[in-house]
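User: Please take a close look at one part of this protein, the open sheet and what surrounds it, and walk me through it with the cut-offs behind each term.

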Amino acid sequence: MIEVILTAEGHAEAVERPQPSAHGDIVTVRVDVAPMCTEFRARGDGIEHDDLGHEAAGVVVDAGGSTRVRAGDRVVVMPQLGCGKCAYCVQGDHIYCLTPRDVRAETGSTTGIATYAQYVLKPDYLLLPVPDDVSLEHAAAACCLLGPGLHATSRMNVGVLDTVLVSGAGPVGLGAIINAGFRGARVLVLEANPYRQELARRLGAEVFDPFSADTDNAIAAAAPGGITAAIETSGVASVPARLAGLVRRLGQLAIVAWGTDVVLPPLVPTGLSVHGCWHWNHVRLADQMWATIRGSREALDLVTTHHLDLTEADAAMDVQQSGQCGKVFLHPHGRSGE
Ligand SMILES: [Zn+2]
Ligand SMILES: [Zn+2]
């Protein structure tokens, strides 16, 4: 099969590698859509990587000994390799599992971990069945495009009475805007990149330039009832404290971005609730995810700005590096229109 690796020369290169083998409850999935996340950031570091990508939607081709899925099932591939047995995994919080499985050792495959590939291995309980009325391209939004924003908006119980401030309109921020909008909230956004400002506007959000001197006053004036919830996706160190200052008393703040230490003002005087949100719970929140996807198809098409073949991953990373994009999808078997 074809897999994309990062070379020591700082390129993303498509190479021929062995197709991985199913074993026990670990099944082989044909990767039809591989959404790109932050892998491009490692491209220039001169270190070889062959484990690129954790997002995928595709079709089960070898169900091994699985009793949960069959060959032909359309699925979303969840990230990581949670054990499926611990207290976190049993509740669907596989992302927080402390005892992950070693799929390569269990199957004897040298590949199968990465989704920048034509095939990937996954324990069957980490495959989310895709409803018949949802295309694989839209289902692929159930990875990092919509996942972290779903976690944040669900955890903060965002609804029609909320005014939500999203920091950053990169792919995760755009997903947070879609989630908050779908739940009926008014959405304000802090973003400086004009390309992404425009995407956010077309999603119905009100956009503010974070570097303009008057922005915080303008946000306060635009939301006289106060910002009830904020979602930080930018990863900029100073932003959590800024958002904490903009949220109304007894409001909520979700930190979605991986980044530096989070520094916040004292929480007691403001009553602020702070949530760390990593990915999403595909056991508890699956119905909410499918409802959000069904209700946001045009928005998903809008923010998925680029579709490239797997072999074009290097060029796709150039696009990501430029910031002139929303979410970028790779298609390891060509774009079928599925
Ligand atoms: Zn991701
Ligand atoms: Zn576990």
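**The parallel sheet and its surroundings**

Analyst: Strand β9 (residues 186-190) pairs with β10 in the parallel sense over 3 bridges, where two strands count as paired if DSSP finds at least two bridges between them, and where helices (H or I, at least four residues) and strands (E, at least two) are DSSP runs numbered from the N terminus. The model is a predicted one, in which local features need pLDDT of at least 70 and side-chain atom pairs count only at pLDDT 80 or more, while totals for chains, interfaces and linings use all residues. Residues are numbered from 1 along each chain as its sequence is written, and chains are lettered from A and ligands numbered from 1 in the order in which they are written.

Within the pairing of these strands, L188 stands opposite E206 in β10. Both strands belong to an open sheet of 6 strands, ordered β10-β9-β8-β11-β12-β13 with parallel pairing; its edge strands are β10 (206-208) and β13, each of which pairs on one side only. Neighbouring strands of the sheet are turned against each other by 20 degrees on average, direction ignored, with axes being lines fitted to C-alpha atoms, for helices over the stretch in contact, and angles running from 0 to 180 degrees between N-to-C directions. Helix α7 (residues 215-222) packs on the sheet and touches β8 (163-167), β9 and β10, its direction making about 155 degrees with that of β10; contact here means that the C-beta atoms of two residues, placed from the backbone, lie within 7 Å.

The largest nonpolar core has 99 residues, and V189 is among those with the most contacts inside it, together with V29, V76, A140 and I177. Such a core is a set of buried Ala, Val, Leu, Ile, Met, Phe, Trp, Tyr and Cys residues joined through C-beta atoms within 7 Å, a residue being buried if 20 or more other C-beta atoms lie within 10 Å of its own, exposed if 12 or fewer, and partly exposed in between. Helix α5 (residues 171-182) gives the largest share of this core, 7 residues. Because domain 1 (2-144 + 281-331) and domain 2 (148-276) both contribute residues, the core lies between them, the bounds coming from an automatic or database domain assignment. Leaving out residues up to four places away in sequence, I177 touches V166, A169, V187, V189, A200, L203 and A205.
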